[in-house]
Each structure stands twice: as structure tokens, then as C-alpha cells.
Amino acid sequence: MSSPQYHPDRAAPASTVPAESGVGDAPLRIGIIGAGAMGRKHADIIGRNGLTKLVAVADPATTALAEQYGVPHFKDYRTLLDAGGVDALIIANPNGSHVPTALDCLSAGLPALLEKPIATSYSEAANLVRAVGAGETPILMGHHRRHHPAVKATKDTISRGDLGRLVAISGTWLTKKPDTYFDQTWRTVPGAGVMLINLVHDLDLFRHLCGEIVSVQAKSSNAIRKFAVEDTASVIVEFENGALGSFIISDAVVAPWGWDQVTEDDPAFPFNPSLSCYRIAGTRGALDFPQMAKFHHEGPSNWHHPLSMSFEPKGLGDSYTRQLSHFIDVVRGDAIPEVSVVDGARSLAVIEAAQKAARTGRTVQISEIIGHDAASVS
Ligand SMILES: NC(=O)c1ccc[n+]([C@@H]2O[C@H](COP(=O)([O-])OP(=O)(O)OC[C@H]3O[C@@H](n4cnc5c(N)ncnc54)[C@H](O)[C@@H]3O)[C@@H](O)[C@H]2O)c1
């Protein structure tokens with residue numbers, strides 16, 4: 001079996017997928033569904049990994065990615081699933097198509113890495129959670145940031161008790177997407193918006209690092225872009241353990257404080273090594289993320305005393321590469337998904353609660369969103 005090849009100048013062949021086996025030590029044969037910005041990103045990560053090979057692409061609107069990699073193109077992803085010859089799929093089509101596409105992959109018995117958000121509504125996500133629970137085919141949620149080394153180091157720092165009892169977390173994601181980003185109209189209508197597209201990443205990490213969120217207050221605004229969905233939001237969350245969190249997010253401002261600009265996770269974004277996006281504080285200390293600067297008092301804690309600062313090691317690597325390595329393990333049956341559809345549904349429930357809170361002006365309990373499904377996603 002040859003290593004994954006990158007064929008920038010080969011035309012896409014006829015729509016049949018090579019029937020090589022993807023088992024054993026052979027590269028895992030991956031198909032991509034949705035060949036836009038994220039599909040292209042996944043193709044690049046697959047091409048850099050010696051254990052994976054892009055073998056097919058499905059997209060109703062463009063053949064460019066298939067042509068770039070010299071692999072078969074399918075207008076309809078269901079034809080790709082029927083053609084066989086793939087071991088796993090990466091689903092990177094628009095948010096509203098995630099659940100039906102994932103259900104079709106499950107029916108075909110094919111594991112999938114499903115981009116976030118899992119769905120555009122919690123009830124739709126719950127259908128997928130039930131389907132995954134009823135079978136044996138795994139789905140890994142594409143909350144890729146969970147695989148970032150600084151996130152792992154932060155989780156360890158908190159779990160060790162270095163910060164004491166968690167009390168407060170604050171976060172920012174403030175940046176300017178170019179106006180052309182919104183030429184894709186799905187990004188401007190319900191089912192998108194900065195909360196479903198971007199905040200879901202951050203609040204998923206808040207849950208991962210600090211525990212379950214039980215209630216949400218929020219304001220949102222579309223004052224700058226004037227789309228049917230928000231470009232800016234401010235959110236307050238309450239965790240099950242009593243800690244409180246706040247987050248401010250906007251895709252319409254010129255500012256440097258957000259995951260993409262401060263983590264060096266994706267070379268597509270300029271990196272500012274001196275800034276942070278989260279601050280986590282507890283009864284014994286605090287952590288600046290992703291700088292991993294940890295603050296504590298040497299003696300009794302007192303705001304008049306100087307704080308000591310040390311740096312937690314955070315390790316190397318980017319989250320997309322690590323996510324793909326984990327996905328390989330999941331597909332080969334060597335690991336269960338570190339980010340499950342249950343997690344995806346629970347993080348979506350927080351966003352849905354924030355949308356409802358912004359609409360109604362009141363505090364929304366997560367239990368109002370997950371209702372009777374609480375047991376299945378707890
Ligand atoms: N993990 C991340 O950091 C991250 C970053 C960006 C986007 N995303 C997610 O990835 C998904 C795609 O986002 P994007 O920015 O690449 O969007 P995009 O608009 O650039 O690309 C989406 C592509 O899907 C295609 N498509 C539409 N319906 C399809 C279908 N039924 N089957 C196959 N393809 C179909 C479109 O033609 C388009 O080429 C979204 O769910 C988004 O939230 C995740």
C-alpha cells in the first residue's frame with residue numbers, strides 16, 4: 001500500500017473508489033463530505049498523515065478538492081457511501097446537514113468524524129445520540145480543540161487541584177471575519193451565527209475544563225452585519241459545581257483575543273504569542289490560557305501580597321493533527337471517541353440555551369433544553 005499522495009494537478013477520475021483494503025497496517029481510506037473551507041483543512045491534515053489516505057470527496061457544488069487530490073468526486077454523498085471503498089468519513093457540510101449525513105453513515109456502518117455543531121437543534125442532536133447508542137459504529141465529534149496540548153495541560157492542572165476550588169472563568173473570542181466569508185448564505189441564516197459556529201467551541205471547552213453548565217444568561221446582537229443571525233454575543237454561565245463563567249464573542253470587530261489568534265493551532269491565522277483567550281481562577285490560584293501562566297500566593301492568600309507566577313508545560317502539536325490520530329484509533333477500534341455525540345449534544349444544548357436566553361431576556365436552565373433526554377446525555 002502506498003503512502004498518501006498529494007496530486008495537485010491530476011484531474012478527478014471517474015466516480016469509483018479504489019477497492020483496496022483499509023484494514024491492518026494499510027492507510028485508513030477516508031472520504032470527505034463537504035469540500036468547503038473545513039473539508040479542505042481536513043484533506044490537508046489527512047495528506048500529512050502517513051496512516052491516512054483521502055480516497056473520495058462528495059460535494060454538490062464543487063469538484064475542486066477531488067481534482068486537487070486526484071480522487072473520485074460524488075455530487076451526492078449517498079452515492080459515495082454506496083460505492084464502498086472507504087473506511088471512514090469526515091462530515092464537513094453545513095450545520096443543517098450534519099445529522100442526516102451522520103445517520104446515513106451509521107446506516108452504512110461507516111465511522112465518521114462529524115464537524116461541530118452536532119446539529120442546529122438539541123432535539124435533532126438527540127436523534128443522533130440515540131442512533132449511535134443503539135449501534136456499534138462510532139462517531140467522533142469534531143470539537144478539535146479538546147485535543148490541543150494546552151487544553152490537556154489545563155485539564156491536568158485543574159484536576160490536580162492546583163487552582164483549588166474553581167470559582168470563575170472568563171473567555172473572549174473577538175475577531176473580524178472578512179465580509180466574503182458570508183458569501184456562503186448558510187452562514188447568514190438560522191442554523192448558523194457566531195454562537196453556533198464559534199461559541200460552541202469555547203463553551204464546549206468550558207464544560208470540558210470546568211464541569212457541566214446548568215444555566216445560561218445571554219444578550220446577542222446583529223447590529224454590525226445585520227444578518228438574521230447574531231454577529232456578537234455576551235453570555236453568563238453557571239456550572240453545576242457553583243462556579244460562574246462569562247464569555248464575550250464577536251466576528252465583526254478588529255481585536256486579537258480569541259483561540260485562533262493566541263494558540264498557534266492553525267497557521268491560517270496570525271499568531272500573537274503574548275495574549276490569552278481564557279482566564280481560570282480558583283480558591284488557590286489562577287491560570288492564563290494558553291500561556292499557561294499560573295499564579296498563586298507563596299504564603300497566606302491576600303490581595304496585598306505579590307503573586308508568584310510559574311508556567312505549566314503544555315507540550316507540542318496542534319489539535320487537528322492530534323484529532324486525526326485519535327480518529328484513526330477510534331476507527332480501528334483501539335479507542336472510544338474522546339468527544340462523543342453526547343458531548344456534542346450537551347455543548348449544543350448550552351448554545352440553544354444561550355439563544356433562548358438572548359431571545360427571552362431570562363435565565364435559561366439547561367434542563368429546559370434537554371428535558372427528558374437528560375439521562376441520555378448526562
Ligand atoms: N472545527 C472547526 O474549527 C471548524 C471550522 C470551520 C467550519 N467548521 C464546520 O465545518 C462545516 C463546514 O463549514 P465550512 O466553513 O467548511 O463551510 P463551507 O460553506 O466553506 O463548505 C461547506 C461545503 O459543503 C458543501 N455541501 C453542502 N451541502 C452538502 C451535502 N449535502 N453534502 C456534501 N457537501 C455539501 C457545500 O457545497 C460547500 O462546499 C460547518 O459545520 C462548520 O461549522 C468547523
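In what order do the 9 strands of the open sheet with mixed pairing run? The order is S14-S13-S12-S11-S7-S10-S9-S8-S15. Strands here are DSSP runs (E, at least two residues) and helices are DSSP runs (H or I, at least four), numbered from the N terminus; two strands pair if DSSP finds at least two bridges between them.

This is a predicted model, in which local features need pLDDT of at least 70, side-chain atom pairs count only at pLDDT 80 or more, and totals for chains, interfaces and linings use all residues. Residues are numbered from 1 along each chain as its sequence is written, and side-chain values use heavy atoms, with hydrogens and water left out.

Stop 1: Next select S12 (286–289) and S13 (293–296), which run antiparallel and are joined by 3 bridges. Ala286 has Phe295 in S13 as its bridge partner.

**Stop 2: helix H6.** Select residues 149–159. H6 packs on this sheet, touching S7 (166–174), S11 (278–282), S12 and S13; contact means heavy atoms within 4.5 Å. The direction of H6 makes about 175° with that of S12. Angles run from 0 to 180 degrees between N-to-C directions, and axes are lines fitted to C-alpha atoms, for helices over the stretch in contact. Among the buried residues of H6 are Val151, Thr154 and Ile158 (buried means under 20% relative accessible area, with a 1.4 Å probe and protein chains only). Just after H6, Gly161 takes a positive phi of about 85°.

**Stop 3: helix H7.** The axes of H6 and H7 come within 9 Å and cross at roughly 35°. In this contact, Val151, Thr154, Lys155 and Ile158 of H6 meet Leu205, His208 and Leu209 of H7. H7 also lies across S7, S8 (213–221), S9 (232–239), S10 (244–250) and S11, at about 155° to S7.

**Stop 4: the parallel sheet.** Another open sheet has 6 strands in the order S3-S2-S1-S4-S5-S6, with parallel pairing. S3 (73–74) and S6 (139–141) are at its edges, each with a single partner strand, so one side of each is left without a neighbour. Select S4 (88–91) and S5 (112–114): 3 bridges join them, and Ile90 has Leu113 in S5 as its bridge partner. Helix H1 (37–48) packs on this sheet, touching S1 (28–33), S2 (52–58), S4 and S5.

Methods: Buried means under 20% relative accessible area, exposed over 50%, partly exposed in between (1.4 Å probe, protein chains only).
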